[in-house]
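My notes are below the structure.

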Amino acid sequence: MNVITKSGNLAPYLRGTTQVVANNVKISTPVNAAAASQVRLYSTSHRDVKVPSFDAYRWDHKKDATRATNNEKQMSYHYLITGGLWATSLYAGKSSVRSLCEYMGAARDALSMGSIEIKLGDIPEGKSVTFTWRGKPLFVRHRVDAEVAKEEAVPLSELRDPQTDSERVKDPKWLIVVGVCTHLGCVPIANAGDFGGYYCPCHGSHYDASGRIRKGPAPLNLEVPEYQFKGDLVLVG
């Protein structure tokens with residue numbers, strides 16, 4: 001077995017050293033204590049072991065150990081890879097969140113029931129027609145001029161749930177309300193009751209032609225849904 005110092009150049013350490021040979025092992029010990037004291041042993045019987053070369057996987061500018069390293073190319077490559085991974089992750093995250101929202105959201109058939117389009121020309125003047133909207137009855141009333149004038153003249157002091165007629169309609173000719181009694185959820189009858197509007201026979205609630213409660217146990221006026229006119233059509237919801 002041979003002994004060499006850790007440094008590749010043995011000249012500085014071989015001068016002024018003490019060598020001991022025993023059992024085919026030669027140990028060189030520096031006389032100067034300040035000199036390198038670490039040694040490395042290697043067996044002459046294992047010199048046939050070859051160190052694998054990884055040059056095929058290294059950057060070309062890093063193969064030459066004597067040349068200064070330029071990391072700009074490598075940094076650009078790393079930035080490109082990192083940016084691509086971030087972009088892919090964000091796109092995958094957006095797709096996952098969108099799929100989750102679509103899964104938890106309402107079905108398309110339910111969304112289609114969220115609004116209803118009504119042709120106003122099919123409702124004669126003085127009549128109230130009932131439609132189904134979101135599982136509830138919807139009253140669309142084509143009021144005559146006498147009804148409009150009568151409801152606009154009602155003082156707020158006579159009302160349990162004070163609302164003027166203009167606050168409940170967008171066009172004085174048309175009254176659109178949800179046909180559910182505000183007492184216990186029954187369906188009132190149109191063109192009936194003491195005030196000529198709607199009457200709930202279950203517990204005797206009377207509504208006028210503006211859908212306002214005038215008599216009986218109901219505490220509130222009939223609900224006015226969101227709607228908008230589009231020519232001869234009205235879109236509710």
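The entries cover the basis of the values, then the serine, then the sheet.

Basis. I am working with a predicted model, in which local features need pLDDT of at least 70, side-chain atom pairs count only at pLDDT 80 or more, and totals for chains, interfaces and linings use all residues. Residues are numbered from 1 along each chain as its sequence is written, and side-chain values use heavy atoms, with hydrogens and water left out.

Entry 1, S128. I located S128 in strand β6, residues 128-133; strands are DSSP runs of E with at least two residues, numbered from the N terminus. I list S128 as buried because its relative accessibility is 15%, and buried means under 20% relative accessible area with a 1.4 Å probe, protein chains only. Leaving out residues up to four places away in sequence, I found S128 touching F139, V140, R141, A190, N191 and Y198; contact means heavy atoms within 4.5 Å. With Y198, the side chain of S128 also makes a polar contact of 3.2 Å (a pair of N or O atoms within 3.5 Å, one able to donate a hydrogen and the other to accept it).

Entry 2, the sheet. I read the strand order of an open three-stranded sheet as β5-β14-β13, paired antiparallel; pairing requires at least two DSSP bridges. β5 (116-119) and β13 (227-230) are the edges, each with a single partner strand, so one side of each has no neighbour in the sheet.

β5 is joined to β14 (residues 233-236) by four bridges, and I118 has V234 as its bridge partner. I noted V236 opposite I116 and also opposite Y227. β13 and β14 form a hairpin with two residues between them, and G231 in the turn has a positive phi of about 70°.

Note on methods: Buried < 20%, exposed > 50% of the residue type's maximum accessible area, 1.4 Å probe, protein only.
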